[in-house]
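Take the topics one at a time, in plain terms.

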Amino acid sequence: MTTASRTAQTVEDTDDYLAKRTLRTGTAGWVLLAGLGVSYVISGDYSGWNFGLAQGGFGGLLIATVLIAGMYLAMVLGMAELSAALPAAGGGYTFARRALGPWGGFATGAAVLIEYAIAPAAIATFIGGYVESLHLFGITDGWWVYLAVYALFIGIHLAGAGEALKVMCAITVVALVGLAIFAVVAWGKFDLANLTDIPVDPNAVGSSSFLPFGAFGIWAAVPFAIWFFLAVEGVPLAAEEARDPEKNVPRGIIAAMLVLLVTAGAVLVLSTGALGADKLSQSGNPLVEALGSGTAATVVNYIGLAGLIASFFSIVYAYSRQTFALSRAGYLPTGLSVTNARKAPVPALIVPGIIGFGLSLTGEGAMLLNMAVFGAAVSYVLMMVSHIVLRVREPGMRRPYRTPGGIVTTGFALVIACVAVVATFLVDPVAAGWTLAAFCAFMLYFGLYSRHRLVASSPDEEFAVLARAEKELE
């Protein structure tokens, strides 16, 4: 046995090792998976995206959103194929491990983990802003609000995946109802002139009332457009807990994406037209401010809090499953993947939560958003490369679902994802730089330590072993 393929069997029996690291299977059909996909993202409709108006104006953010929507749709179609062919809790890491080897697999998993560990911290700051605006019992935004949401929702996840997904789905339905109420009321306040009320920068190349910051503003708005769809790619992380994952995971992720396309378009156009791009660009709770005062604004404020909670809740699920998969395979310390009696990965829920809570104490929602987007964009690049590599190198691999357009579709997503990585440095080079440093630290840990301690009996490693065996037989 080589050093690189050393397994946990040198420490404990294989069956015992995996028995302590098993998730509950068959807990989710495609409807619950679609609800999971929407809940990952729904907070992005309620807050965060509007900061992109300050970077590109309405025109810049609109064009960026169209490009990013196309990227996500293409990427989701590619991931539907990969998740049906390789249904495991590792999601993007599992795909890249098969296509790009241990280094590529861990790089993808690390990028996804950075995204999912930081995104709840950003959402926690937005939750704090919504709580403060409601003036409930004199509650103000602060560290104890962030601590409360982390403690409460991690605690619910510890009860098990089935219970957690059902609670999440119910909260998501409420959040969608809130968006419907918002759309009806905002339509009555819509004024076309509000879309272009940001002063034009005469020094920007190509500037106009539609593009007040010129063509460059489109690029700068990309990270905020991503917030409309960020984390929908996490649906395959539930593959091991889904019923008939080969069919239900592709159905779930595609259905979620179609819903999100509708909500993103409605929120961007109607809220900007109701309040004005200039005022909306600095708002902590844009949908509420777009409606002004009144019963509808109050209702949407309460429901907006539900939307933020839905995303926070579901991304906690996502980071725990990514941590679980990387740990079970030995890429991260194996103690992180131990599950309790209800098959919930306890350390994988708690440890990233502590890190996220620490980041939330900065109170810098926009900065944390950009950091999460950097991790996401890097993972998108690697996942789309994985799809293309597997199509070329393993054309005979069993694929219950095939991406329409094949590598042309995922090639388009790859190009836009590369643009998105660069765009994060345009918006906040310091935040992107720190996130890049964290990514490099993960890779250094792998290169110096964990690549010599991979667990060959884990599902993701077995997929890779099977691929090598099949190639040798050919």
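A salt bridge is counted where a side-chain nitrogen of Lys or Arg lies within 4 Å of a carboxyl oxygen of Asp or Glu. The model shown here is predicted. Glu-81, Arg-391 and Arg-399 are linked in a network of such salt bridges. In the whole structure, a search finds five salt bridges.

Glu-81 and Arg-391 meet through their side chains in a salt bridge, with 2.7 Å from N to O. Because Glu-81 belongs to helix H4 (residues 53–85) and Arg-391 to helix H14 (residues 365–393), this pair ties together parts of the chain that are 310 residues apart in sequence. Glu-81 and Arg-391 are both buried.

A second salt bridge joins Arg-98 to Glu-394, and the closest N and O atoms are 2.7 Å apart. Arg-98 sits in helix H5 (residues 92–134) and Glu-394 in the loop between H14 and H15, so this pair ties together parts that are 296 residues apart in sequence. Are these two residues buried or exposed? Arg-98 counts as buried because its relative accessibility is 8%. Glu-394 also counts as buried, at 13% relative accessibility.

Glu-394 has another partner. Arg-393 forms a salt bridge with Glu-394, where the closest N and O atoms are 3.8 Å apart. Arg-393 has 40% relative accessibility, so Arg-393 counts as partly exposed.

Next come the aromatic rings. A pair of aromatic rings is described by two values, the distance of the centres and the angle of the planes. The count for this model comes to 21 aromatic pairs. One of them is formed by Phe-126 and Trp-227, which are edge-to-face, with 6.3 Å centre to centre and 80° between the planes. This pair links distant parts of the chain: Phe-126 is in helix H5, while Trp-227 is in the loop between H8 and helix H9 (245–275), 101 residues apart. Phe-126 and Trp-227 are both buried.

Phe-216 and Trp-219 make an aromatic pair that is edge-to-face, at 6.4 Å centre to centre and with 65° between the planes. Elsewhere, ring pairs link Tyr-93, Trp-103, Phe-106, Tyr-331, Phe-442 and Phe-446 into a cluster.

The last topic is the surface. Which helices supply at least two residues of the nonpolar patch? They are helix H8 (214–226) and helix H15 (407–427). H15 gives the largest share, four residues.

Notes: Residues are numbered from 1 along each chain as its sequence is written. This is a predicted model: local features need pLDDT of at least 70, side-chain atom pairs count only at pLDDT 80 or more; totals for chains, interfaces and linings use all residues. Side-chain values use heavy atoms; hydrogens and water are left out. Buried means under 20% relative accessible area, exposed over 50%, partly exposed in between (1.4 Å probe, protein chains only). Rings of Phe, Tyr and Trp (its six-membered ring) pair if their centres lie within 6.5 Å; planes under 30 degrees apart count as stacked, over 60 as edge-to-face and the rest as tilted.
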